[in-house]
Amino acid sequence: MSIPSNSFFERKREWSRRKHDVLSGYLPQFTRILGQYHGRIYAVDGFAGRGYYGEDEERESGSPLLFAEIAAKLENYQLRCINVEVVRKEFENLQIATAPYLSHIDNRFGSFDRNVESILRDIGQSPTFFFLDPFGLKGLEWETMSKVGNRYKGFKTELLINFNAPKFDRDAGWLDSRYERKRDSFLRRLDKVMGPSSNWRGIFDKDSSREERYREIATPYKSGLENEFGFIASIFPIRTVEDGSLKYYLIHAARHPLGRRIIGHIFYGVHQQYLRARAILLQQGGVQLGLDGIAVPKLSIEQMEEEDLKLLVQDVLGALLERGPMHFGELQDYLADKWVGRMVEKHYRSACNQLRTRGVVSWSGTTLKEDTLLQPLPIR
Ligand SMILES: C[S@@+](CC[C@H](N)C(=O)[O-])C[C@H]1O[C@@H](n2cnc3c(N)ncnc32)[C@H](O)[C@@H]1O
């Protein structure tokens with residue numbers, strides 16, 4: 001199997017660190033919240049890898065070890081981790097690396113697709129968090145996703161998917177190729193990822209920038225998760241610090257808006273770290289011209305946030321004028337698609353307070369709670 005796993009696991013890249021920060025931030029919250037009402041909680045690492053990066057004193061935990069460490073730390077909860085790995089050598093490494101955590105771990109050899117049905121049987125009704133982190137897109141075929149997505153809706157199921165839009169974009173470059181056999185095989189693979197109802201080829205008929213295309217590629221995948229399986233999904237970009245280029249999107253899918261609210265806070269924290277890392281590199285003169293629009297920031301992180309807040313104020317007012325009275329919680333859910341990872345509850349609070357001071361929005365009481373009803377007032 002020609003997978004560049006050796007070089008991948010040689011050392012943890014800075015962007016992988018942010019992916020792991022999302023996991024380390026989210027999984028304990030998922031476990032604590034659902035663990036109060038359900039006995040056992042599962043974390044399924046469907047593309048687990050060998051468990052670590054680097055060697056000897058440079059060694060750092062990969063996702064299955066991070067999960068195991070979380071499970072061991074949350075001793076009042078029963079978090080059980082199922083790891084799947086398809087490459088024999090990596091599986092053997094994984095077995096050794098996770099051996100100290102035997103009571104929390106269940107390692108399974110083979111592809112995620114081959115294992116998913118038995119995993120679904122074994123987890124039964126327990127709340128389960130699936131982390132799907134392949135190299136590229138292979139392994140994320142819609143048929144595989146359907147097996148998870150069609151799990152009975154009453155059982156708590158959440159997903160965090162590494163969706164590699166740049167890889168999709170590169171492979172879709174075969175659309176114009178004259179080499180029919182190769183082209184057809186690439187395009188068939190992309191069809192399998194996007195699923196039967198997707199018309200992804202239309203994205204490549206337009207004259208969009210690369211960044212716009214990446215987003216347009218991820219959007220139908222996200223919509224598929226929402227429309228076909230009833231998830232509420234959010235997209236968060238993982239970029240390089242050096243030039244801001246997109247490595248992949250993390251797509252989170254939950255069935256409850258609270259899941260999106262919590263991952264939104266985690267994404268926000270990770271995004272702040274990213275901006276700080278870029279700001280430091282900029283000071284050192286190491287930042288290259290980037291693709292993300294924040295590559296060579298003219299504003300400080302605080303100023304950028306202020307600018308975003310101004311836009312959020314407009315969006316909050318626009319939403320209330322368009323939709324009429326809305327609860328504070330509902331408002332955050334309504335605007336989440338656009339703002340997830342950049343604006344969190346404190347910003348919505350601040351936006352509402354500004355609008356109240358301007359006399360264009362009102363509510364009764366002083367503090368804003370989840371179920372506080374926001375009323376738009378006629379603008380004089
Ligand atoms: C990106 S690495 C995983 C990194 C790991 N999740 C982490 O964050 O430390 C992807 C891993 O999935 C394995 N893999 C590839 N295809 C797979 C499949 N269909 N099922 C299960 N594992 C697969 C690869 O061998 C590789 O070890």
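**Entry 1: the domains.** I looked up how the protein is divided, and the domain assignment gives domain 1 as residues 5-280 and domain 2 as residues 299-376. I note here that the model is a predicted one. Taken over C-alpha atoms, the centres of domain 1 and domain 2 are 30 Å apart. I then looked up who takes part in the contact: 17 residues come from domain 1 and 16 residues from domain 2.

**Entry 2: the buried area.** I looked up the area buried between domain 1 and domain 2 and found about 1300 Å². Carbon and sulfur atoms give 55% of that area. Which residues of domain 1 lose the most area to domain 2? I found Arg-260, Arg-261 and Tyr-268, which together make up 48% of what the domain 1 side buries.

**Entry 3: charged and polar pairs.** I searched the interface of domain 1 and domain 2 for salt bridges, and the rule finds three. I wrote down the pair Glu-370 and Arg-261, which form a salt bridge with their closest N and O atoms 2.9 Å apart. For polar contacts across the interface of domain 1 and domain 2, the rule finds seven residue pairs.

**Entry 4: the domain 1 side.** I asked which elements give two or more residues to the side of domain 1 that touches domain 2. They are helix 9 (210-229), strand 8 (232-239) and helix 10 (257-283). Helix 10 gives the most to this side, with 12 residues. I sorted the residues of this side by type and got seven nonpolar, five polar and five charged.

**Entry 5: the ligand.** A polar side-chain atom of His-20 lies 2.7 Å from an oxygen atom of the ligand. For Lys-19, an N or O atom of the side chain is 3.3 Å from a ligand oxygen atom. With Asp-133, a side-chain N or O atom is 2.7 Å from a nitrogen atom of the ligand.

Technical notes
Residues numbered from 1 in each chain as written. Predicted model: local features only at pLDDT ≥ 70, side-chain atom pairs only at ≥ 80, totals over all residues. Heavy atoms only, no water. Domains from an automatic or database assignment. Contact = heavy atoms within 4.5 Å. Buried area = accessible area lost by both parts, 1.4 Å probe. Salt bridge = Lys/Arg side-chain N within 4 Å of Asp/Glu carboxyl O. Polar contact = N/O pair within 3.5 Å; in protein donor to acceptor, adjacent residues only side chain to side chain. Helix = DSSP H or I, 4+ residues; strand = E, 2+ residues; numbered from the N terminus. Nonpolar A, V, L, I, M, F, W, Y, C, P; charged D, E, K, R; others polar.
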